[in-house]
Amino acid sequence: MPTLGLFSSTALVIGSMIGSGIFLVDADIARTTNSPALYLGAWVVTGILTIVAALSYGELAAMMPKAGGQYVYLRESLGPLWGFLYGWTLFLVIQTGTIAAVCVAFGKFLGVFFPTVSTTHWLWHIAHVPPIPIGPMVLGNMDIGVNTANLAGVVVMILLAVVNVFGVRIGSIIQNVFTSAKALSLTALVVLGCTIGRNAMAWDANFGPNLSRFWENAGWHDLHPVQVGIGGPMVLVNLLVILAVVQVGSLFSSDAWNNITFTAGEVKNPRRNIPLSLVLGTGFVLTVYFLASLAYLLVLPMHGDPQGATVMARGVQYASEDRVATAALAQIFHSGGAQLMAAAILISTFGCANGLTLAGARVYYAMSRDGLFFKSVGKLHPRYHTPVAGLLVQAVWAAVLIMSGSYGQLLDYIIFAVLVFYILTIIGLFVLRKKWPAAPRPYRAFGYPVLPALYIVMATWICIVLLRYKPQYTWPGLVLVLIGIPVYFLWSRRSASHT
């Protein structure tokens, strides 16, 4: 019986989106744009893209309120191959890799309170894989084994998988509690940064008289240096290109909003609640993300020195280990700021990992019911009505990624693929308007066809730019997706032979 109401489904959207990205990616965006206006502009672009996508997905979710979400939309609009390729990539790295990364981030920040929890404290060091250059990317360069930080991540991940076996109600309670806590902590960061954290030095450095410094390096004719690939040449690009390049960080930090569609079968009144939760959840998160980035500019100068001895000297660009939020709180409180931020990130990562765990297994369940995944994954627990096998398979593969040390590279490689699947899904919205013109549509995409078409154009431009200037993030992702094509035909043939 459906147990997720509007509050719980909105909490799932918010909880899945807010992980550790907003606390870290601003440093790289600031370094790459080298302009306060473009730094904030990157988040505006991300906000427009994500809100338009959520509005478009709302129509699909209201039409097809079934477990599996985006997998189902692609299957019904473009065909089963496209649905499988999405589910394949989701299992291989999008969902499991993100769970792995978030759980290891939990372990790293747990080390602030318990120093023995560390990525350098090895319990079983199997091997170090040296760097292996392949074209524009570098594989390897990772340590395989178990250290106290990734062990903490594995323990958290297994705990959440087990908890979610006992029903979506328990998982949603955890999600509601931790989402409320992380939303309050992020809101507190914004309020502190915009009030007691404001300082004249940061204002003068980032905004200046009449906002003169705010608009520096943000003109149509200003050029920005970008390195092509890894170790490639430096080239100068314009405003439109640089805003597309930095979407790697901001879009990834804002991703996973679509996870609520995976759990449609367990949402009360899904035709109303899923579209509404998509809009409310993404709207809240993106507003807070923008305000948090603005707060950083009010507390710290954007430009900094990588060798600076203080948080003010290092600025947003060169915050220690890119931990901008920690640097901002350290500047506001001078003592105890790191512990406050670590506590907030522990709450954030735990809630994020729970949302991802709860949602992901529903896609594998839908794939299994179509004969495109392990048969046992398509069965529900007789008492709790949860996809137990899906939760366990997801946890096992995520544990392998954690101990292999490869999840970070895999996440880099799938940014492009994720964006491609979003484009394909919104193209599917147009296809279904033609294919099923009389189908009930309790909610129709706001601004159709202009806004969905705008998303396709903007996202396609970002993909083209990333293919050209950041091949290390694009071609490997395409390879991962394309490997799924022969797997699809093998699995389809195997499924057909057993019917």
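Reply: Happy to. Helix 7 (residues 168-194) packs on helix 15 (residues 337-369) at an angle of about 145°, with the axes 9 Å apart. Bear in mind that this is a predicted model, where local features need pLDDT of at least 70, side-chain atom pairs count only at pLDDT 80 or more, and totals for chains, interfaces and linings use all residues. Residues are numbered from 1 along each chain as its sequence is written, and side-chain values use heavy atoms, with hydrogens and water left out.

Me: What describes two packed helices?

Reply: Two packed helices are described by the angle between their axes and the distance between the axes. The axes are lines fitted to C-alpha atoms, for helices over the stretch in contact, and angles run from 0 to 180 degrees between N-to-C directions. The helices themselves are DSSP runs (H or I, at least four residues), as are strands (E, at least two), numbered from the N terminus.

Me: Is the crossing of helix 7 and helix 15 left-handed or right-handed?

Reply: A crossing is left-handed if the near helix is turned anticlockwise from the far one by less than a right angle, and right-handed if clockwise. Helix 7 passes helix 15 in a left-handed crossing. On the helix 7 side the contact (heavy atoms within 4.5 Å) includes Phe178 and Lys182, and on the helix 15 side Phe350 and Arg362 are among the residues. By class, that contact has nine nonpolar, eight polar and two charged residues. Here Ala, Val, Leu, Ile, Met, Phe, Trp, Tyr, Cys and Pro count as nonpolar, Asp, Glu, Lys and Arg as charged, and the others, Gly among them, as polar.

Me: How do helix 7 and helix 14 cross?

Reply: Their axes come within 11 Å and cross at roughly 50°, with helix 14 covering residues 324-333. That angle makes helix 7 oblique to helix 14; the scheme calls angles under 35 degrees roughly parallel, over 145 roughly antiparallel, 65 to 115 roughly perpendicular and the rest oblique. The crossing of helix 7 and helix 14 is left-handed. Leu189, Leu192 and Gly193 of helix 7 meet Ala325, Leu329, Ile332 and Phe333 of helix 14, a set with six nonpolar, one polar and no charged residues.

Me: And what about helix 14 with helix 15?

Reply: Those axes come within 7 Å and cross at roughly 140°, so helix 14 and helix 15 are oblique to each other. Their crossing is right-handed. Among the contact residues are Phe333 of helix 14 and Met341 of helix 15, and the classes come to seven nonpolar, two polar and no charged.

Me: Which residues does a cis peptide bond join?

Reply: Tyrosine 448 and proline 449, with omega about 0°. Proline 449 sits in the loop between helix 17 and helix 18. For another backbone feature, look at asparagine 210, which has a positive phi of about 55° although it is not a glycine. Asparagine 210 lies in the loop between helix 8 (200-206) and strand 3 (224-227).
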